2 protein chains.
Amino acid sequence: MQWKNTQGVCWVAVDWGTSNLRIWLMSKDSQVIDHNSSDQGMASLNSAAEFEQVLFECLETLLVDGDTLPVVCCGMVGAKQGWQDAGYSTVPHNPLEYQKPVALPTKHSQLWVWVLPGLCQQQPADVMRGEETQIAGVLCGHKDFTGVLCLPGTHSKWALSQAGQVVSFNTFMTGELFALLSKQSVLRHSIIDDQWSDEAFKQGVSDGFNNPAQFTGALFSVRAEDILGSGAVLFGKARLSGLLIGMELAGTKQWWQGQKVMLLGDSLLQSLYKLAMEQMNIDVALMDATQMTLAGLTAAYEQQG
Amino acid sequence: MQWKNTQGVCWVAVDWGTSNLRIWLMSKDSQVIDHNSSDQGMASLNSAAEFEQVLFECLETLLVDGDTLPVVCCGMVGAKQGWQDAGYSTVPHNPLEYQKPVALPTKHSQLWVWVLPGLCQQQPADVMRGEETQIAGVLCGHKDFTGVLCLPGTHSKWALSQAGQVVSFNTFMTGELFALLSKQSVLRHSIIDDQWSDEAFKQGVSDGFNNPAQFTGALFSVRAEDILGSGAVLFGKARLSGLLIGMELAGTKQWWQGQKVMLLGDSLLQSLYKLAMEQMNIDVALMDATQMTLAGLTAAYEQQG
């Protein structure tokens, strides 16, 4: 990994997910000196040794003077199939105050690596890994936050925070269903990737929200409209996306009703969820997901001292 | 194709779907003389010529005496991507009385092939191809049937019949979602193919029916229960199946409430839907799907005279 600037690096922040590896070189006062990313996510690695080797190759040029380099990681790197299982904290839990990073044994003694545990809930059963660090980041700026956090993605997370403590959360497979249905189901023949309509999206949100029981029926209408040539198929992607997000909003109504919602995700998902939430008159505030990850990792590093 | 008996064959009935080809040799009075099937469905064939070649090879040994052999087909063979687009009849429609088979031009002049059109509905957009022939088969024995037909499958069909006329129908992608989620989603890690529990299935039906908005959330709990080791994962398949069928029953409540439901599908699906319907106190009658296909094809042949 090529670095433009390694001057004054004191520690390293790492977000190591299923698909991607993101690394930030941090100064003593936790400012970003440089950052980089690659596609060497958990899914492409097969053993703990491979994780360490990848990290070593990324940071090799920083390990010249013999000092140890602290590295704080979050994400799937701490899963059972990752570098090492970092376990889960259990709700109710304040992810900012009690992150309890797990130290990893390393072959390269200069690498001093910690992984943050995920967060779990026993009843109903639920887990997150990586998002708890983003939530910690949000709490840095809102220590006693009471309200709802929405983190859309492959597996969207909704979390309820009371006075800075995550008391419960719920995962929705919205993003994964969108990918499966648009790429692998019969609907793939009726979805044109670069066609979009906000109106079709909003109609989907409304239908998914008002009539979630009709979801699997509404899906097939996307295909049937194509076959019957009504032309609406141009907006199959927008309609599918709207149906799924509308159903997620129906399933989380008891969470967001009368609450402020902090929304953090990548920019495309954030804009879609914002559009859908405004349609439902949800009071929504946008947060930068990457900044929150970094803030959460920084808080963990600073706690470690 | 090997035939055990070809004595007295007068015509041939064919159900030619996406995955399979099923052929019955029929006597003058429409009794089955012999039957056979193969996996040469539409999905494995690439041109009209290939369809004819496959059919010719199946029936070659019957074409010895120079007489023409009438062949009546239903299913995806009549789709745009099939042998030839046989179009759709539009609801309201009596599939028993007005099947209007489409004659196909053939290279082998002894093969005299017809394909039955599908059935479509403009608003909300919907299509079926193959199931209309099964419905025709049901109507053979219940000419003025008023009630609901449920045909579970990859794409489950619910049809409302009034005095023998299909007035509307609705397709649910239940089977395709089950296949995608159990084989291709993150849930595949948590689904054990040969583990089943009727209790877990019934709980899924109840949850899917009572809380369809929570569907994508309930899905993830199957995975989370596995990760957290509660053991419920043993019944992930039953729970997923129950959730999907429960949601389908929620989406069709206005169809079946207070109505008699004729249920026709393969034996496994039929038994699952029956279990779920009885849980909802639906008055359900089972029909043999294969017999209904054959009855529908026979009615079409006899109309052609």
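A residue counts as buried if 20 or more other C-beta atoms lie within 10 Å of its own, exposed if 12 or fewer, and partly exposed in between, with C-beta atoms placed from the backbone. Keep that in mind for later. What you're looking at is a predicted model, where local features need pLDDT of at least 70 and side-chain atom pairs count only at pLDDT 80 or more, while totals for chains, interfaces and linings use all residues. Residues are numbered from 1 along each chain as its sequence is written, and chains are lettered from A and ligands numbered from 1 in the order in which they are written.

Let's start where the chains meet. Here, 36 residues of chain B are in contact with 36 residues of chain A; contact means that the C-beta atoms of two residues, placed from the backbone, lie within 7 Å. On chain B, strand 9 (126-128), strand 12 (165-172), helix 3 (174-183), helix 5 (215-227) and helix 6 (236-251) each supply at least two residues of the side touching chain A. Helices (H or I, at least four residues) and strands (E, at least two) are DSSP runs numbered from the N terminus. Helix 5 of chain B gives the most to that side, with nine residues.

Strand 12 of chain B turns up again in a sheet. Five strands of chain B make an open, mixed sheet in the order 12-11-10-13-14, where two strands pair if DSSP finds at least two bridges between them. Strand 12 and strand 14 (283-288) of chain B are at the edges with a single partner strand each, so one side of each has no neighbour in the sheet. Strand 13 (residues 260-265) of chain B runs parallel to strand 14 of chain B, joined to it by six bridges. In this pairing, B:Lys260 sits opposite B:Asp283 of strand 14 of chain B.

Most residues other than glycine have a negative phi, and most peptide bonds are trans. B:Ala163, in the loop between strand 11 (156-162) and strand 12 of chain B, has a positive phi near 50°. B:Ala163 counts as exposed, with 10 C-beta neighbours inside 10 Å. A:Asn281 has a positive phi too, about 55°, and is exposed, with 8 other C-beta atoms within 10 Å.

There are cis peptide bonds to look at as well. One joins A:Val91 and A:Pro92, with omega about -5°; another joins B:Gln123 and B:Pro124, with omega about -5°. B:Pro124 is in the loop between strand 8 (118-121) and strand 9 of chain B.
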